[in-house]
There are 2 protein chains.
Amino acid sequence: MIIDCHGHYTTEPKDLHRFRQEQTKAAKDKLQMPSKAALKMSDDEIRESLEGAQLKLQRERGTDLTIFSPRASGMGHHIGDERVSLEWSQICNDLIHRVVSLYPNNFAGVCQLPQSPGVAPKNSGAELERCVKELGFIGCNLNPDPSGGYFNAPPMTDKWWYPFYEKMIELDVPAMIHVSGCCNPAQHTTGSYYLNADTMVFMQLILSDLFKDFPTLKLIIPHGGGAVPFHWGRFRGIALNNNRPELDRIMSNNIFFDTCVYHQPGIDLLTKVVPIDNILFASEMVGAVKGLDPRTGQYFDDTKRYVDQAQGLTAADKQKIFEGNARKVFSRLKIKSPAR
Amino acid sequence: MIIDCHGHYTTEPKDLHRFRQEQTKAAKDKLQMPSKAALKMSDDEIRESLEGAQLKLQRERGTDLTIFSPRASGMGHHIGDERVSLEWSQICNDLIHRVVSLYPNNFAGVCQLPQSPGVAPKNSGAELERCVKELGFIGCNLNPDPSGGYFNAPPMTDKWWYPFYEKMIELDVPAMIHVSGCCNPAQHTTGSYYLNADTMVFMQLILSDLFKDFPTLKLIIPHGGGAVPFHWGRFRGIALNNNRPELDRIMSNNIFFDTCVYHQPGIDLLTKVVPIDNILFASEMVGAVKGLDPRTGQYFDDTKRYVDQAQGLTAADKQKIFEGNARKVFSRLKIKSPAR
């Protein structure tokens, strides 16, 4: 079975965008909020939005299940206040739940959280609990920078985040560390901002005692771990110079990278330096980089192809990357392997 | 000849640190500034600070010349105001000039600039001109984030920076894009902040028309280009999706990466995906990562070893990386190859 641990609903029904535009404007101009009840998204429209995109790509590429969450760049935690963020998160999470209900063999749900700049992460616990207990979700996307590009939240190793980690552990779900759309003109959302957040958080984690305090906390750093595998020697050296253990020991059962790296040499490097037990297959489709690579004639984000062809991986390694590690990290995932 | 294009004076005489501490405190508490004239740094002390460090490592590793600038993390553009930044820059640049005067065959000078948050980069032109014309410097370090960690300056493609680029071109010098010490607790100076700035700026450049406006502008992005080579497919895809050319065409005679990547697989990837003409040898020593890699028994930052052993490089490729490209980028560098 091939589990893609990182997919976003980026082909949402268009009325969702209408709602969000009105909500954003209302928050900015202090107008009346649009009505949630007036949102028009039929099951047929949801099916259509997926059949020609995520489901088609699953079939074409030979993947089985996508761990699916709302559009990351759309979370927009910096827009409006906590109340706006909560309503928007609930709408987006309910929509993911409808997707999963329509296609229970193709998708498993991961929620966005009602974070807001300066608001304690603890406040996101209730929505996480609702998504896990009522909607059957298996994880969440946790934003390390609700400001949308200025990196001014406390490090994720700060006690500020601890009550939320306690809730994650109580519910037995992992978090993917994922920022949202960037409102800082110096950073490009999918080009630099996502990667910079990944690199920033890894560096916070490796010099901290977070996993002494939370031995079962599981965090996925997406986009191949940002800059980390390319600079593996730099991070190893800094860790060792700070009397920390080797990175593989630090990552152990707590930190995982995905395979959203869109060329063969990148995946070769990732699978060479990062422990196989800490790599989860993912493509981020339909997402950051659409279209065909003119040099290979293949989709940039068809990461299964790169993993299939990665140098030096055994069949057992690939089984871990494609399925085994995801089942370990997303322990609430109960879907059985399909008869293929 | 082997030219290391990225070295910082990180073993400065201790009175420099005393001065800077007093200057920082005075700026913060609005006290009287310490006297520049009272700084005590003898030639012997400077010699001693280098003989056991940079010069020893040059000899041991078989490199010839280091393009040398003040400690990057020490620039501290966020400390005090423009006046403080100017005095500090002049002191640091004059010190580099003394190093180069003592060891003209081992070092060539690159200056720090008197940048300050919110102050137009144009104002750094006079110090650049002084360093080039009076001190014989061959380049500068240009900080894309004088705030020290919040990325709130305009993108480097903004017209805000243009008058400074005009001065660089008039003087025929390149800039290394290099942030300073991080005052944002979410980012680690050498672990994440440096790399994030590199990645951020590359992304700014590739979607811009900066090099149409400045066809001869030369920018070096250090630390192997941040996250870029690892995510080469992502950046290629984003560029192509934005109707930009291939990255190698964008980089061409304008964007260069150095080899400050501290493990063999990283250098293998760098030299495989990035055009050889755009890679400059560098080690950043004595710098970000000191000490021996316990797995190889070699220094993490002995990057010459990785380049020597990189897969698939011809002798001509290595000549470009070690010397030829640096002479092209630093066109004011006139030192001849030594008899070895």
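Which residue stands opposite Val110(B) in strand 4 of chain B? That was my starting point, and I kept in mind that this is a predicted model. I found Gly139(B) opposite Val110(B).

**Strands 3 and 4.** Next I looked up how the two strands are joined. Strand 3 of chain B covers residues 107-111 and strand 4 of chain B covers residues 139-142. They run parallel, and 2 bridges join them. A reminder to myself: strands in a sheet pair through backbone hydrogen bonds, either parallel or antiparallel.

**The whole sheet.** Then I zoomed out. Chain B has an open sheet of 8 strands, with the order 1-2-3-4-5-6-7-8 and parallel pairing. I noted strand 1 (3-9) and strand 8 (279-280) of chain B as the edge strands, since each pairs on one side only.

I checked helix 7 of chain B, residues 189-206. Helix 7 lies across strand 5 (175-177), strand 6 (219-221) and strand 7 (255-258) of chain B. Its angle to strand 6 of chain B is about 135 degrees.

**Cysteines.** How many disulfides are there over all chains? I got 0.

Cys183(B) counts as partly exposed, with 37% relative accessibility.

Conventions:
Residues numbered from 1 in each chain as written. Chains lettered and ligands numbered in written order. Predicted model: local features only at pLDDT ≥ 70, side-chain atom pairs only at ≥ 80, totals over all residues. Heavy atoms only, no water. Pairing = 2+ DSSP bridges. Helix = DSSP H or I, 4+ residues; strand = E, 2+ residues; numbered from the N terminus. Contact = heavy atoms within 4.5 Å. Axes fitted to C-alpha atoms, helices over the stretch in contact; angles between N-to-C directions. Disulfide = S-S within 2.5 Å. Buried < 20%, exposed > 50% of the residue type's maximum accessible area, 1.4 Å probe, protein only.
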